[in-house]
Amino acid sequence: MKIALIGYGKMGHMIEQIALERGHEIVCKIDVNNQDDFDSPAFASADVAIEFTNPTAAYGNYLRAFAHNVKVVSGSTGWMKDHKADVEALCKDGKQTLFWASNFSIGVAIFSAVNKYLAKIMNQFPQYDVKMTETHHIHKLDAPSGTAITLAEDIIDNLDRKTSWKAGTTVWDDGHVDGTEDHKADELLVDSIRHDEVPGIHSIAYDSEADCITITHDAHSRKGFALGAVLAAEFTKDHKGLLTTSDLFKF
């Protein structure tokens, strides 16, 4: 398979390594310094482009890839608030193809399935309140993380007593704290921690007077995300439309 990389930072380098190990060819690498390569024959030859950039650039990158009918796999978060409807329209009836996920880790896909199932169980036990804490490296710009938001929305879909999520506090290594713990009873509070070079930790706790039930996914490195992105590209090559991890992993 021919792969183009959009974003050539730490994740891009790791994706490249895994893709080559799996027998794929990297035909184009686009970063901030060579944006004109979107219009190159090399980019247009790609079966799939894998995009890991930032919330402000992601949507524009999709449009530039779609202009050459190149399918996109993307792990960039933060763009859906403003552009979700546009992307859905572009991918309707398989006209263009985007595989988007807030997290490509196989472990997170499993964790997500456990999270949904646990929420269904806990719906029967209103004495338990639920909150989430996510921890990432200090370079991460968005809080809560896209993965935390996805997990929170899955809880809300399965737990009647929570109707929305709310960003709580963000605690930084230098000691300063953004945000507040204030929230309504029907809001799921999501707290954030920005610490050192942590790849990603997500913990969901159901707490009552009697006890506390906690599930946690703790990423040891970004390698799991990179492998998942390549697996998603392999899947996307033969599928169309707006895709996500529930299409790739059938739990």
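**Entry 1: a peptide bond**

I looked up proline 144 and placed it in the loop between strand S6 (129–136) and H6. For helices (H or I, at least four residues) and strands (E, at least two) I used DSSP runs, numbered from the N terminus. The bond between alanine 143 and proline 144 is a cis peptide bond, with omega at about -5°. I noted that most peptide bonds are trans, and that most residues other than glycine have a negative phi.

I am working with a predicted model, in which local features need pLDDT of at least 70 and side-chain atom pairs count only at pLDDT 80 or more, while totals for chains, interfaces and linings use all residues. Residues are numbered from 1 along each chain as its sequence is written, and side-chain values use heavy atoms, with hydrogens and water left out.

**Entry 2: positive phi**

I looked up aspartate 93, which has a positive phi near 60°. Aspartate 93 sits in the loop between helix H4 (80–91) and strand S5 (97–100). Its relative accessibility is 72%, so aspartate 93 counts as exposed. My cut-offs are under 20% relative accessible area for buried, over 50% for exposed, and partly exposed in between (1.4 Å probe, protein chains only).

Aspartate 196 also has a positive phi, near 50°. I found aspartate 196 in the loop between strand S9 (187–194) and strand S10 (201–207). Aspartate 196 counts as partly exposed because its relative accessibility is 46%.

**Entry 3: domains**

How is the protein chain divided by the domain assignment? I read domain 1 as 2–104 + 223–248 and domain 2 as 106–218. These bounds come from an automatic or database domain assignment. The C-alpha centres of domain 1 and domain 2 are 27 Å apart. Nine residues of domain 1 are in contact (heavy atoms within 4.5 Å) with nine residues of domain 2.

**Entry 4: nonpolar cores**

I took a nonpolar core to be a set of buried Ala, Val, Leu, Ile, Met, Phe, Trp, Tyr and Cys residues joined through side-chain atoms within 4.5 Å. The largest nonpolar core has 23 residues, and Ile3, Ile15, Ile50, Val73, Phe99 and Phe104 touch the most other members. Strand S1 (2–6), helix H1 (10–21), strand S3 (48–51) and helix H7 (223–236) each give two or more residues to this core. H7 gives the most, with seven residues.

Isoleucine 3 touches several residues beyond four places away in sequence, among them Ala19, Ile26, Val48 and Ile50. Another core lies apart from the largest one; this other core has 21 residues, including Ala4, Phe38, Ala58 and Tyr62.

I looked up leucine 151 in helix H6 (residues 146–158). Is leucine 151 buried or exposed? At 2% relative accessibility, leucine 151 is buried. Leaving out residues up to four places away in sequence, the contacts of leucine 151 include Phe111, Met132 and Ile204.

Glycine 168 lies in strand S7 (residues 164–172). With a relative accessible area of 8%, glycine 168 is buried. Beyond four places in sequence, glycine 168 is in contact with residues including Asp178, Leu189 and Val190.

**Entry 5: salt bridges**

I counted a salt bridge where a side-chain nitrogen of Lys or Arg is within 4 Å of a carboxyl oxygen of Asp or Glu. By this rule there are nine salt bridges. Glutamate 16 pairs with lysine 29, with the closest N and O atoms 2.7 Å apart. Glutamate 16 is in helix H1 and lysine 29 is in strand S2 (residues 25–30), so the pair ties together parts that are 13 residues apart in sequence. Glutamate 16 is buried, with a relative accessible area of 12%, whereas lysine 29 is partly exposed at 34%.

Glutamate 234 forms a salt bridge with arginine 22, with the closest N and O atoms 2.8 Å apart. This pair links distant parts of the chain: glutamate 234 is in helix H7 and arginine 22 is in the loop between H1 and S2, 212 residues apart.

Aspartate 142 and lysine 140 also meet in a salt bridge through their side chains (3.2 Å, N to O). Both aspartate 142 and lysine 140 are buried. I also found that Lys131, Glu181 and Asp191 are joined into one network by salt bridges that share partners.
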